[in-house]
Amino acid sequence: MSDKGAETGHLQELLSRVGEGLDEYLKFEHQDALHTDKNWRQQLDVPLPEKGEGIDAVTRELIEQVIPNGSAIPNPGFSSFITTGATTAATLAATAANIASPQRYMLTAFNFLEELSLKWLAEMCGIGKLKGVYSSGGSVANLIALGGARQYAFEQIGIDPAADGVDRPVRIYASEECHHTIQRSVGVLGVGRRAVRAIACDQTGRMLISALRSAIIEDKAHGILPMAIVANAGTTNTGAIDPLQAIAEVAQEHKIWFHVDGAYGLPGILDERISHHYEGLEKADSVIVDPHKWLGASVGVAATFIRDRELLQRAFTQEPADYLEGSVDPSAGVIEHSMDDFGIPYFDYGVELSAPCRGVVVWALIKEIGVEGMRHRVKQHNDMAKTIAERARNHPNLELLIEPSLSICCFRYVDSQIDDLDQLNQRLHRQLVRENTYMPSTTRVKGTLALRPCYIGARHQPPQAEELVEAVLRIGREIARN
Ligand SMILES: *Cc1c(COP(=O)(O)O)cnc(C)c1O
């Protein structure tokens, strides 16, 4: 059996076959993976092969059994959670990097695009003064930012927490609507998940400044070291944007690190109709955004931005290692080969050494459609949420549960004859998803079960908002009748 996978010269043919399979997949004329489960499971569930079958067999099985039974996430009707499929530009760039620059370090065009795309991204999102580093997702991006916050807070009192650990209780202030990766991050950072103090929100899901202020004053009286205030630029639940300006002022007043979690909502700043909600963002000490959410990157691309990257180096350096630094010699003063230097040491600004080139993906996304194209997409998605809100406000069988801030709309079906509306909407939602055409997720808004479409995908089309509402009305009526 020839080992074509390690040979050269076959990529064009093989990629074109896989590309054909993917084009077919993206027509979404196939059934859901579980509908056809019996067939593919039987085909794929074979014992560990002692002998290889070769790249042709792998390619064929990929096209015939694996790809057609993939995820509903890239389906244009999928609006669950905050996730979507990669655009074509992102797919091409990620594939190119996979072959031509497996690592982000060394002086290559890919390494150059790592920094250039971070600059573009920061400028596009109104934080042009901050420096960035990529990581795998919002979870790690928050971890890196809060690692910076921990470093800053303890260095103020003469302690290096990265080297010596922490010796006292700290507090992180975040709204009760914050993403739970905040708690996990600070757990990993060794200050304990309970160090996060949940600050109450108002009726619109935004952090209450009065509650934030009194929490800080109370903790200070107990000698607790404040580590960070975390604000949301688009909560995961409803898309609410915290009052950033007011929070920035509190942070400044008490000299506390100001972190903004914009994993989902940071690109919302491109919509000039709502960009005033982002005032104060420029005062942040750290900000994160997930290009793999609203910008259409392949999953695995997030960015942390920070005022001072050296702080991240102190927080996360893996310390020089012979097997790494020993291989380059920048002190020789002549850089004439891509292997003469690592370039910017991103591996010291976070928790990953080996990491794919993500900059080329973000570069491709922005280069393809420009800021103008991104703005158009973001506005269109925000309009889709507004369209649903408008219908929900005006239809007797619908209820809008919270005014949309961005591209998420929380609403439900109502019927005065029905007592348990949570149960009705839960059943309605299960049926909706099974029809395989419009697939929102659900959440709870002030305790009430809500249908929660979130539009971030490049393949989402405006009519889908109206069509979802029609499907909800049709299924709601059917369930209420029975
Ligand atoms: C999605 C999200 C995260 C987590 O990001 P992942 O990329 O899924 O790890 C963190 N914060 C917010 C506000 C999010 O919406």
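First, the ground rules. This is a predicted model, where local features need pLDDT of at least 70, side-chain atom pairs count only at pLDDT 80 or more, and totals for chains, interfaces and linings use all residues. Residues are numbered from 1 along each chain as its sequence is written, and side-chain values use heavy atoms, with hydrogens and water left out.

**Stop 1: everything**

Switch to cartoon: the protein has 15 helices and 12 strands (DSSP runs, H or I of at least four residues for helices, E of at least two for strands, numbered from the N terminus). The radius of gyration is 24 Å, close to the 23 Å from the globule rule for 482 residues, so the protein is as compact as a globular protein of that length. That radius is taken over C-alpha atoms, and the rule is 2.2 Å times the number of residues to the power 0.38. Now colour by burial: 51% of the 482 residues are buried (under 20% relative accessible area, with a 1.4 Å probe and protein chains only).

**Stop 2: the largest core**

Select Ile172 and Phe305, which touch the most other members of the 99-residue largest nonpolar core. Such a core is a set of buried Ala, Val, Leu, Ile, Met, Phe, Trp, Tyr and Cys residues joined through side-chain atoms within 4.5 Å. Helix α13 (residues 359–394) gives the most to this core, with 8 residues. Apart from it sits another core of 24 residues, including Phe411 and Leu432.

Zoom in on Phe305. Beyond its neighbours within four places in sequence, its contacts (heavy atoms within 4.5 Å) include Leu118, Ile127, Asp285 and Val289.

**Stop 3: Leu113**

Next, pick Leu113 in helix α5 (residues 109–124). Buried or exposed? Leu113 counts as buried because its relative accessibility is 12%. Show Gly359, Val360 and Trp363 too: Leu113 touches these, not counting residues up to four places away in sequence.

**Stop 4: helix α8**

Finally, select residues 181–188, helix α8, and show its buried residues: Thr181, Ile182, Gln183, Ser185 and Val186.

Technical notes
Buried < 20%, exposed > 50% of the residue type's maximum accessible area, 1.4 Å probe, protein only.
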